[in-house]
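Dear colleague,

I am passing on the structure we talked about, with notes on what turned up in it. Please look it over alongside the text that follows.

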Amino acid sequence: MIHPSIVASHATTTAEHVVVAENVTKEYRDGGLVVHALNGINLTLDRGEFTAIVGPSGSGKTTFLNLVSGLDSVTGGDIWLAEKRLSRMTSAELSDFRRDHVGFVFQSYNLIPVLTVAENVEYVMLLQGVPAEERAGRVERMLDRLGMHGYAGRFPNQLSGGQQQRVAIARAIVAEPDLILADEPTANLDSTTAGELIDLLRELNEENGITCIFSTHDSRIMERARRLVMLQDGCVDRDEIL
Amino acid sequence: MKLWFQLALRNVWRQKRRTFLTLITMFGGFGVASISIAWSDGTFEKAIDVYTRNFSGHIQIHSPGYLDTPSLYAAVDGGESLLASVQSHPQVIAATPRVKAAGLVAVGDVSAGGRFWGVDITRESSMTRLPDKIISGQSFSGPAANEVLVANGLALALDADPGDTLVVVSQGIDGSLANDAYLVVGIFESGEALVDQTTVIFPIDALRELLVLGDRVHEIALIVDDVAAVPAVARDLQQRLGDAVDVATWQVFAQTFNRAMELNRRGTWVSLLIIFAVVAVGVLNTVLMTVLERTREYGVLRALGTSPLQIVRLVLFEVTIMAVIGVTIGCVLGFAINSVIAWVGIPLPAPISHGGVEFSRLNSVVRAQSFWIPAVCVFASALVVSIFPARRAARTAPALAMRAR
Ligand SMILES: Nc1ncnc2c1ncn2[C@@H]1O[C@H](COP(=O)(O)OP(=O)(O)OP(=O)(O)O)[C@@H](O)[C@H]1O
Ligand SMILES: [Mg+2]
């Protein structure tokens, strides 16, 4: 099923909506306590956007990214990603959907410690059943592009944080997902490395038109975004194109 | 598949200490189980051998119904030809004919009831070692001599000694009164109370003559080359000999002994159960600890699109790899130790003597089941207890990956 606004937008403009969030709410129940993490978010992300989600701690950034990427399910409202309605999927369907449509970059890198750099990058393609030759070619090109060519056989614990995060970016984009999602990707890095990393993401965005959404607390990082969405108490407080 | 195998293998290798401890539990459990099965098989087979070689043999052939109600009249015709066809079976290593009756015996003016066995002493000696059971005096001078061996309990009651004359009164198969006097040539002891209280053994032809039996027999007892093959040989013989006779295995005619053996076996099964409960708890502990430690990793795998089933498979793969290694080491160790115990044996605190044989050590026997049973148990117990932690891992919330460390 295709979201009506996508059909509408095709009629009016050439931009394609990758993400459509409609009146999204999320409550966490912690014993008897109910936390309203998101209180009715409406947001669309177009293909090729490079968007930063910002806001004070506890404003709902991580929660929103979890919902958009199908890691968690909404309490109310609807989320559409790549023309699929996430809010109606079972957890098994979401699992396959993430594999095929979303690339993740985590704050803590989260490379699989027992796999080498090359194997980490290859992992999702293995799950997808991409043929071996094609996998090898894509891994090599990706590591080349990210300047990690000489590290293919190393294990994550033999790399610096910045290097690990480069590998994580390679892993996220190698399977050509519709959306790259990064929750505070630079929070564990020093400011120089953080700047280099976000520049790299932006270059990839410009080269390949990959849609990217990331959250950050760092004002120098948000400056590199092309669109800034500010959350406050689970609502969109500001939404501007830079 | 290769991916999961590789991931599992590296995960197993990653926690060397814990893996090592789990392996010890696995091959330790395997080894103890394997050794106790081989030992139990060894003592079991030894007990059967000693018991059956005393008198009964592995298989007995009678006229149908004889086992339930033994009777002088329930005799099988053509003893020699029956014996010949039994002995032609390739797995039969010895067979012997017997006639059996009962009557009164007296020495001087002391009398008692007695059971009479007519035996072929040459054939008995190759099968039941009857001559070894003679504790005083000697064996028969010939196959038809008017001589008897008296069981020690009965000899005590009759105050009979070698050289005395034993008067026997019974009834012939033709209804005639059968009585005669025999020379007591020896006193024997079988080790079985019932036999030792009542039995008088005659040369088979002497007893046949007394009872007018011609060439009839009441029983043919035989032993085969392998205790484990007894039921199969019995089936063969029954088929060859037809309905005119009833072929019974020791499990049937030695029910009490068989039940005691079964009880003994059950003891072995119970100890196996305990061993593998320990193995299961050890594996559960490892897998649970591992799964709890790696919650975040499973979250990441789930976030990247790994399905719950794939996670279950990954965890079970790790356990399987450990079980394969554990069982392999266990097989090597178990085989070595079992072979030593089979070869050298374990000395008994005091030698045991039963029916003229004395043995001072017991040996294991190494059979396939002392390996496959523990192997199946290791895999089964390890995998069964891993299902719960594996499912737990599979249910890890993918959002966990987003949490900062
Ligand atoms: N699993 C959870 N259970 C209960 N409450 C939660 C859970 N996750 C988040 N919350 C609550 O939801 C609200 C939004 O949290 P969220 O993690 O989305 O904020 P954030 O903007 O990412 O903050 P930060 O900048 O510190 O990462 C907070 O009040 C938080 O305490
Ligand atoms: Mg957050």
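**The interface and the sheets of chain A**

In this predicted model, Glu119(A) and Arg10(B) join their side chains in a salt bridge with an N to O distance of 2.6 Å, a salt bridge being a side-chain nitrogen of Lys or Arg within 4 Å of a carboxyl oxygen of Asp or Glu. Across the interface of chain B and chain A the rule finds one salt bridge, while a search of the whole structure gives 32 salt bridges over all chains.

As to conventions, residues are numbered from 1 along each chain as its sequence is written, and chains are lettered from A and ligands numbered from 1 in the order in which they are written. Because the model is predicted, local features need pLDDT of at least 70 and side-chain atom pairs count only at pLDDT 80 or more, whereas totals for chains, interfaces and linings use all residues; side-chain values use heavy atoms, with hydrogens and water left out.

The interface also holds ten residue pairs in polar contact, both residues at pLDDT 80 or more; a polar contact is a pair of N or O atoms within 3.5 Å, where within protein one must be able to donate a hydrogen and the other to accept it, and residues adjacent in sequence count only if both atoms are side-chain atoms. On the side of chain B that touches chain A, the elements giving two or more residues are helix H1 (2-14) and helix H11 (295-303) of chain B, where helices (H or I, at least four residues) and strands (E, at least two) are DSSP runs numbered from the N terminus. H1(B) supplies the largest share of that side, seven residues. By residue type, the side of chain B that touches chain A divides into twelve nonpolar, six polar and seven charged residues, with Ala, Val, Leu, Ile, Met, Phe, Trp, Tyr, Cys and Pro counted as nonpolar, Asp, Glu, Lys and Arg as charged, and the others, Gly among them, as polar.

In total, 25 residues from chain B and 27 residues from chain A take part in the contact, which means heavy atoms within 4.5 Å. The two chains bury about 2,300 Å² between them, 62% of it on carbon and sulfur atoms; buried area is the accessible area (1.4 Å probe) that two parts lose on being put together, summed over both. In chain B, the residues that lose the most area to chain A are Arg10(B), Leu304(B) and Met402(B), together 33% of what that side buries.

Turning to chain A, six strands form an open sheet with mixed pairing, in the order E6-E7-E8-E3-E9-E10, where two strands pair if DSSP finds at least two bridges between them. Strand E6 (102-105) and strand E10 (235-241) of chain A stand at the edges with a single partner strand each, so one side of each has no neighbour in the sheet. From one strand to the next the twist averages 20°, with axes being lines fitted to C-alpha atoms, for helices over the stretch in contact, and angles running from 0 to 180 degrees between N-to-C directions.

Within this sheet, strand E3 (residues 50-54) and strand E8 (residues 211-215) of chain A run parallel and are joined by four bridges, and Ser215(A) is the bridge partner of Ile53(A). Helix H7 (residues 191-208) of chain A packs on the sheet, touching E3 and E8 of chain A, and its direction makes about 140° with that of E3(A). E9(A) and E10(A) pair in the antiparallel sense over six bridges, with Gln232(A) opposite Cys235(A).

A second open sheet of chain A has four strands in the order E2-E1-E4-E5, with antiparallel pairing.

Best regards
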